[in-house]
Every structure is written in structure tokens, then in C-alpha cells.
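Here's a quick briefing on a two-chain model, meant to be read with the viewer open. Have a look at the structure first, then work through the notes by topic.

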Amino acid sequence: MHDANANRAAQTFVPLAASAVLVNPVGLHARPSVKLTQCAKGFVAKIEIALAADGPWTDAKSPVKVMRVKAPQGATLHFRVAGPDGDAALAAMLALVHDGFGEA
Amino acid sequence: MGEIHLTGHPASPGLAIGPVAVLTRAVASRAAKDDPAQEAAALKAAIEGAAAELAELIATVHGEAAEILEFQVAMLGDDALAESAYEAIVAGTAADDAWRAALDAEVAGYRAADEEYFRARAADLVDIRDRVLAGLNGTSAIAKISGDSVVTGDDISPSTFLAVDWTRGGAIALASGSPSSHVAMLARSRGAPMVVGLGPLPWNGQPPSLALVDGDAGTVIFDPQPETRRLFEQRLAAANAARIAADAGRLKPALTADGRCIAVLLNVAAPEDLAGLDPAICDGIGLVRTEFLFEGSRGLPDEDAQYAVYRRILEWAGGRPVTIRTLDAGGDKPIPGVTVDGERNPFLGLRGIRLSLARPEVFRVQLRALCRAAVHGTLKVMLPMVAIPTEFDRANAMLDAEFDALKAEGIACARPPLGIMVEIPSAALCAEDFAAAFYSIGSNDLTQYTMAAARDIGAVADLNDAGHPAVLALIARTVEAGRKRGAEVSLCGDAAADTRLTSALLATGLTVLSVSPIAVARLKAVIARETA
């Protein structure tokens, strides 16, 4: 029930897109992946990441899937966000990446 | 049986001797129910049980160890991990087989990764796999290992490592494994010697009883002859005595056995590196990297922000010389908004001083901040990646211009001496042609540009040898140029902290070495044994 509503809500929002370069050493590794997914789970919006602007897209709320991306340092991480709190979610994601996940 | 010598890769330094403890894989003995619903429930319970065990373990550790376990908890808490296992169970597979297949596929994905770091995460996934399997089988996940043992096996899981009391002198010797693994990081921070990549362990059935581990050389000797063991025990005793003496000698100036005075300086990547350090352990700071100022989300740092940081470091040094390197971005250090993306070979591209000269609006801000900070101590400014004298001359003119401008504005400032880093063979060969106030040899880049081999590419890492005669000849040539011109020459790369190279480096005539704070005690102790 809730999921269905969330999906419907997401579809009515225009997806937001942005990208940022991974500056922290060794890229999106274990600790940053955990931080990224924890942050993403704090939002209702559907949040996805990819290494290219046209995907393939990965659910940013799943640490297992985010780790499968194996994004190295220097890679450009693309975000696609859709949902009622999309703006805030995208800003939070970009801030995390820019800050090197606090380990720059 | 004769003694067995194996050579692998060093993952954590130090020497150890101890009884061999072989890591064995528990054999599954589980009676599967023929009911997919019951099997799914068993897997769910085992996953939740494993997460609960990890949560308990996290409460007993901190820092890096806790973060590693938190990663495992996050992975276990993600339904995506067991998704394919549940699908297989519905199709009739037993819970343990389904889970093992799902995790083995995940592990294979990590092992196939391009980056060493991601390949090393396979050990964490294996750890998760085995913990849940142990739960399904109703056995204990972690073998009890005594902390004085040499733990051997294919690889060791973080959970197993954390269950051992490493203060008792044990070590780790692995057939595979990686220096980038979580366990290797933990071993280094806990002082447990570790060697990885030994290859297949050459015994069937009866394992050896004793092992000697040399975590500096990356070698292991199993079942040593009495004489081999006696010699190793002497080295171990000497190493222990040296460590105790080194800690005591950290505050004293570095003198060789024949009385030459060697200046030992610090390499600093961020002001936090200096927290809690006594300036008396060093003769100054030989390298302050400034890249940290340019990373992060706040955009490029303004003049005041840079000035405040430089001033803080100069004040810490209390009059001792401090060499600050201007921005060394590019190569393996991309900085958004400054470096160029998509270069085919960034190490041969727009990096270091080349980038600063191409982005004068960024460079000028740093030069102004440095001139203002120079009034608070003994500041020297160093340019990275200089290849030809023109680059130095242009930067020198820009430094003059910024100093003059500040003076004209009535702002307190001083004109620091400007030197170059010698890390490109052209600069070493023609060092005399530069009007530099000093030279600082960056041995990491000098080695990789001389040998044409990167140290982080495993297949060619052996060629990346700072002790190669060609690299040493370039160092000697730079020292000679400095002597002729009356300009100081120092060395600030990792070679300075590699005590196997100390004799060779001092033989080139070097008298100034710059190392990370943790290496100071060991380097001073080695210098004290040197004779000409």
C-alpha cells in the first residue's frame, strides 16, 4: 500500500539529475557506500546512481548494489532523483560526494 | 622435513615467531528441510542472527574495526544480498546451498574487479557468507586462535582477526590475501606482522608446527632448522631493542655513528597530522602538502582561509623551517574545478606547477597567502613537478609580483625563498640550471618517471625501485648541483622512510630527509648506526 503510493508519488515528480567527481581515496568503497545509502534512506525520493549520464542506474539505498558499482576515485558519479523531497535529497547526496564522505 | 621458505608480499611490518595455527573451513553438516518456506525462514533467522552477533562484536571494538563490521551489518541488512538465495530456495534448493551460491557469485564479482581495493573486499563477503552458514549449521563462526600463533590459511576474515589478542606477538601468513584488505589495515594499526600472496601452502595433511614471519621482507619460513631459528630470534631481539631505543631517541638530533648530523624533517598532509606531536622530534617540516585545502565542497579556498592554515603550521614549528608545497593537483589527485578531466595519461599531463601556471588566478591566491604567512616563521615555498627552468622563472616572477602588491597595499608580508621539487629526470639532470633557492627530491615520482613503472600496478611494481642505481644517480647528481650552487638538497619521498635505503641515500651526500611523523623514531635509530 505504502510502496504503491510512494511509486505513484515518484512518478509525478520531474526527475532531477546532477553529477559529482569522487575525490576521496579509493572511491566509493565500503565506508562511503554505507554513508551514501544511509543518507539516501533518509529521503522518500527514489535515488539512483550511475557511472554514466545514461545509466545503468543503481538504487542508492542498497549498499549491496552500490558496492557492485565499484566506482573508483576520480570517477564521475551521476545522480537521478525523483520524489517530493528530491531537491533536498540531491543536495545531500552531492554534499557527501564533494566532502569526500568526510575522509578527504 | 626440511625448512620451507616462501616469499609473498609484505602487508604489515615486523618480525614474529610462533606455532602455526591453520585456518580450516568448517564442513557443513546440516539436515535440510524439504519445505521451501521452512528453508527460507531458516535463512532469514541465520541472517538476522549474524547481524545480531556483529552488533555485539561492534560494541567491543572501536574506530576502524567498528567501521569494518558496520559495513558487514549494512550488507547483511540489505535484502538485495539474499535476493537470489531466496529465489533458489523457492525453486527447491536447500538454504545453505542457496546462500553459499548467492554469496559466492557476489564474491566472484569482487574478485574480478579492476581495483585492488574492491578485490580486497571479497574477504568481507566471505566473512559474511561463513558467519551466516555457521548460523544455519548451528556451529560457532569463529575458530579460537591463540594470540601468539602464526595464523596461516588462504585468507583470514576480519571477524577472525578481531577475535585474536594480537598483543601476544602473533602474526599472519596467507596463501592469497591482499595488502589492501581490511585485515591488513587492522594488522598494521595493531602491529601484527602480516605477509600475503605466499601461493599454495606446500603441505598435505600434517601442517608445519613453527613459523618465522618477516613482515618487512614479505617472507615466511616454516619448520626452520635450529640454526635458522636462532638467527631469526637474534634479529627479533635486536628489532625489539631497537624499537625501545628508537622511541627513547626520538627527541634527540639524528647523528650518524661517525658524527655526521642529518636533519630529519616531517611530511604533513594536513594540520591535523601535527596534533599531539612535540615539535622537538624534528628539525622542521620538509613538506606540507596543500591539496587538502582544495578538496571538499566549499569550492576553492580563499586567501584568508589559506593564510590561517599556513600560519597555524608555522606557529606549531616555532621558528623551525617549514617548506610548503604549492598545489600539486592532477595526476592521481584530481580536484574538481581545477584539474582537467579525461586526459589520456594524467601523470604526463597538466599537473603540479604546469597546472598552477595554466590557472594563474588560482595560483596567485596561494602565493599571496604564503607571503602573508611568511611573517610568522621560517617559511620556504616549493614548486612541484618542475621540468624546465622557465617554469621556475615564471613562478618566481609571480611570487615577486604578489609580494610587491601586498607591500604596496601595506599588508604584513615577507618574500619566502622559492625552491623546486626534483621529481622529473630532466630537473635532476639539469638541476644546476635552475635559480632555485633549494631542491627537494620527490623520490616517488622521480622513481616512477625514471623506471616508467607505477608502484600501484602490481605487474610492474617490482620495477618501481627507488634504490635502483639510475634513481640513486639522479639523486647524487641533484646533491652535487646543490653543493655547487650552495643550495640545500633534501629528500621528501617515501624512500626517506625506507630504512633499507638509508645507507644508499646518505652515500649520495644527502643530509636532509623528510618523513611522516610515525617514521621519525625508526629513521633516527637507523641513522645512528650509519658510518661513511
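Two strands count as paired when DSSP finds at least two bridges between them. Helices (H or I, at least four residues) and strands (E, at least two) are DSSP runs, numbered from the N terminus. This is a predicted model, so to speak of local features takes a pLDDT of at least 70, side-chain atom pairs count only at pLDDT 80 or more, and totals for chains, interfaces and linings use all residues. Residues are numbered from 1 along each chain as its sequence is written, while chains are lettered from A and ligands numbered from 1 in the order in which they are written.

**Confidence**

- The predictor gives the complex an ipTM of 0.80, alongside a pTM of 0.53.

**Chain A**

- Chain A has 4 helices and 4 strands, and from the N terminus on they run α-β-α-β-β-α-β-α.
- Of the 104 residues in chain A, 41% are buried; buried means that 20 or more other C-beta atoms lie within 10 Å of the residue's own, exposed means 12 or fewer, partly exposed is in between, and C-beta atoms are placed from the backbone.
- Take the contacts in chain A between residues at least 6 apart in sequence: 75% of them join residues at least 24 apart. A contact here is a pair of residues whose C-beta atoms, placed from the backbone, lie within 7 Å.
- The 4 strands form an open sheet in the order S1-S4-S2-S3 (chain A), with antiparallel pairing. Its edge strands are S1 (16-21) and S3 (58-59) of chain A, each pairing on one side only.
- Strand S2 (residues 46-50) and strand S4 (residues 76-82) of chain A are antiparallel and share 5 bridges; in S4(A), A:Ala82 is the bridge partner of A:Lys46.
- Helix H4 (residues 86-98) of chain A packs on the sheet and touches S1, S2 and S4 of chain A, with its direction at about 5° to that of S1(A). Axes are lines fitted to C-alpha atoms, for helices over the stretch in contact, and angles run from 0 to 180 degrees between N-to-C directions.

**The mixed sheet of chain B**

- An open sheet of 8 strands has the order S1-S8-S7-S3-S4-S5-S6-S2 (chain B), with mixed pairing. S1 (4-7) and S2 (9-12) of chain B are the edge strands, each pairing on one side only.
- Direction ignored, neighbouring strands of this sheet are turned by 25° against each other on average.
- Strand S3 (residues 15-22) and strand S4 (residues 150-153) of chain B run parallel, joined by 3 bridges, and B:Val22 has B:Thr152 as its bridge partner in S4(B).

- Strand S10 (residues 261-268) and strand S11 (residues 285-288) of chain B pair in the parallel sense over 3 bridges. S11(B) in turn pairs with S12(B), again in the parallel sense, over 2 bridges, and B:Val288 stands opposite B:Ile324 in S12(B).
- Strand S12 (residues 321-325) of chain B and S13(B) are parallel, with 5 bridges. S13(B) also pairs in the parallel sense with strand S14 (residues 418-422) of chain B, over 3 bridges.
- B:Met382 shows up on both sides: in S13(B), B:Met382 is the bridge partner of B:Arg325, and B:Met382 stands opposite B:Gly419 in S14(B).
- Strand S13 (residues 378-383) of chain B is mostly covered, with 5 of its 6 residues buried.
- S13(B), helix H14 (residues 389-408) of chain B and S14(B) make a right-handed β-α-β unit. Right-handed means that, with the strands pointing away from the viewer, the path from the first strand over the helix to the second runs clockwise.

**B:Leu266 up close**

- B:Leu266 sits in strand S10 of chain B, and its bridge partner in S11(B) is B:Ile285.
- B:Leu266 counts as buried because 26 other C-beta atoms lie within 10 Å.
- Leaving aside neighbours within four places in sequence, B:Leu266 is in contact with B:Cys282, B:Ile285, B:Gly286, B:Ser514 and B:Pro517. B:Ser514 is 248 residues away from B:Leu266 in sequence, yet 5.1 Å away in space, C-alpha to C-alpha.

Methods:
Two residues are in contact if their C-beta atoms, placed from the backbone, lie within 7 Å.
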